[in-house]
Amino acid sequence: MKIFPHQYQIASLVADRNLYQYLFVGDQIVLLDTGASNTPHEAILPYFERLGIPITRLNLAINTHADADHHGGNGNLKDAAPDVQLACGSADKRLIEEVDVLFASRYNQWIAEHGVGLGLNPEASAWVRQMVGDTKPIDKTFAGDEVIALDDSRHLRILHVPGHSDGHLAVYDPVNRAVFVGDALHGNFCPDVTGAPSLPPAYYAVAAYLATLHTMEELPIDWIYSGHWPVYHASKVADFLTACKDFVKRASSQVQKAFERHPEGMTLRGLIEECGPSLGSWPENNRWLLMYPLHGHVMLLEQQGTITRVEAAGTVRWKLSAS
Ligand SMILES: [Zn+2]
């Protein structure tokens with residue numbers, strides 16, 4: 001779909017959700033996200049064909065962040081366009097280049113201590129592994145604030161927008177006052193194709209996520225385009241940013257209250273079970289993904305000294321600190 005002159009949204013699906021990449025065409029051609037391993041052949045290459053642009057003209061493919069559905073297409077894309085430069089945020093480079101690091105530090109990092117993670121579901125784990133495809137080395141990293149010229153009159157600005165991942169990037173187009181955010185902003189949930197809740201918000205670093213929301217509020221934005229969410233325009237931009245902040249507030253307050261109700265302490269799994277139902281109505285089998293924001297809120301409370309980590313009988317829990 002053409003969204004602005006020489007700018008396009010490439011749409012496909014991942015499970016029950018929309019999946020979008022963005023294409024910026026000038027003297028230089030830039031692609032934002034490469035999708036999952038199947039996306040280049042099923043969506044990106046056919047889109048170039050329809051536009052009559054040889055895929056070999058693609059100069060730069062930027063991964064907004066390390067995740068199977070955003071960088072998994074790197075291998076197949078690079079095979080089709082050997083001269084394309086692959087780029088990502090500095091802090092996500094190793095996760096994108098090394099599948100073992102991705103799984104160990106992003107999907108399975110809490111299994112050993114907290115008994116929650118992707119690897120506990122072998123079928124889902126195999127599906128994500130397939131989506132990651134063949135990895136390729138990253139040619140270029142961005143830290144934020146870089147400017148990419150599309151032609152003499154148009155450029156994109158790179159933004160560093162962490163929270164969902166440490167190196168998460170967004171792209172800002174000042175002419176259309178449009179920001180392309182990948183999965184940097186989560187609202188109250190990630191929707192399925194009908195708009196119903198599919199997944200809980202998946203920021204895991206609370207302070208970084210709040211800083212990203214502040215970055216967005218400071219930016220002149222008329223349009224928000226993302227990896228899975230609908231497009232937000234005009235007054236809907238502020239509404240969406242408010243929804244993002246509201247979820248953080250609700251999650252923070254639910255976690256705090258759970259600790260107050262349970263002086264004996266709470267495990268991460270216990271928090272997910274107890275806070276989950278009141279935080280949103282995504283399918284129950286996706287509730288475990290609350291491990292991201294809830295672990296984030298626990299880390300923040302621990303850092304602030306509000307709760308203390310206790311290890312006993314092979315279980316990690318946290319309880320309100322003695323005052
Ligand atoms: Zn995603």
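**Figure 1. Domain 1 and domain 2 of the predicted model have C-alpha centres 28 Å apart.** The domain assignment gives domain 1 as residues 2–243 of the protein chain and domain 2 as residues 251–320. Across the boundary, 18 residues of domain 1 are in contact with 20 residues of domain 2. On the domain 1 side, the elements giving two or more residues are helix H6 (111–114), strand E13 (197–199) and helix H8 (206–218). E13 provides the largest share of this side, with three residues. By class, the domain 1 side that touches domain 2 has 13 nonpolar, four polar and one charged residues.

**Figure 2. Helices H10 and H11 pack with their axes 10 Å apart.** H10 spans residues 268–279, and H11 spans residues 291–303. The angle between them is about 115°. H10 and H11 are therefore roughly perpendicular to each other, since angles of 65 to 115 degrees fall in that class. H10 passes H11 in a right-handed crossing. From H10, the contact takes Leu-268, Leu-271, Ile-272 and Cys-275. From H11, the contact takes Met-291, Leu-294, His-295 and Val-298. Seven residues of the contact of H10 with H11 are nonpolar, one is polar and none is charged.

**Figure 3. Helix H9 crosses H10 at roughly 135°.** H9 covers residues 235–261. The axes of H9 and H10 come within 10 Å. The angle makes H9 oblique to H10. H9 passes H10 in a right-handed crossing. On H9, the residues that meet H10 are Arg-250, Ala-251, Gln-254, Val-255 and Ala-258. Their counterparts on H10 are Leu-271, Glu-274, Cys-275, Ser-278 and Leu-279. The contact of H9 with H10 divides into six nonpolar, two polar and two charged residues.

**Figure 4. H9 and H11 pack at an angle of about 65°.** Their axes are 10 Å apart. The crossing of H9 and H11 is right-handed. H9 contributes Ala-251, Ser-252 and Val-255 to the contact. H11 contributes Pro-293, Leu-294, His-297, Val-298 and Leu-301. Six residues of the contact of H9 with H11 are nonpolar, two are polar and none is charged.

**Figure 5. Gly-296 is buried in helix H11.** Gly-296 has 24 other C-beta atoms within 10 Å. It counts as buried because 20 or more is the cut-off. Neighbours within four places in sequence are left aside here. Beyond them, Gly-296 is in contact with Tyr-203, Tyr-204, Ala-205 and Val-206. Gly-144 is 152 residues from Gly-296 in sequence. In space, Gly-296 and Gly-144 are 23 Å apart, C-alpha to C-alpha.

**Figure 6. Tyr-20 lies in strand E3.** The strand runs over residues 17–25. Tyr-20 is buried, with 21 other C-beta atoms within 10 Å. Neighbours within four places in sequence are again left aside. Beyond them, the contacts of Tyr-20 are Gln-9, Ile-10, Ala-11, Ser-226 and Gly-227. Ile-224 is 204 residues from Tyr-20 in sequence. The C-alpha atoms of Tyr-20 and Ile-224 are 12 Å apart.

**Figure 7. Asp-33 has a positive phi although it is not a glycine.** The phi of Asp-33 is about 75°. Asp-33 sits in the loop between strand E4 (29–32) and helix H1 (39–51). With 29 C-beta neighbours inside 10 Å, Asp-33 counts as buried.

**Figure 8. Asp-145 also has a positive phi without being a glycine.** The phi of Asp-145 is about 85°. Asp-145 is found in the loop between strand E7 (140–142) and strand E8 (147–149). Asp-145 has 9 C-beta neighbours inside 10 Å and counts as exposed, because the cut-off for that class is 12 or fewer.

Technical notes
Residues numbered from 1 in each chain as written. Predicted model: local features only at pLDDT ≥ 70, side-chain atom pairs only at ≥ 80, totals over all residues. Helix = DSSP H or I, 4+ residues; strand = E, 2+ residues; numbered from the N terminus. Contact = placed C-beta atoms within 7 Å. Axes fitted to C-alpha atoms, helices over the stretch in contact; angles between N-to-C directions. Parallel < 35°, antiparallel > 145°, perpendicular 65-115°, else oblique. Left-handed = near helix turned anticlockwise from the far one by under 90°. Nonpolar A, V, L, I, M, F, W, Y, C, P; charged D, E, K, R; others polar. Domains from an automatic or database assignment.
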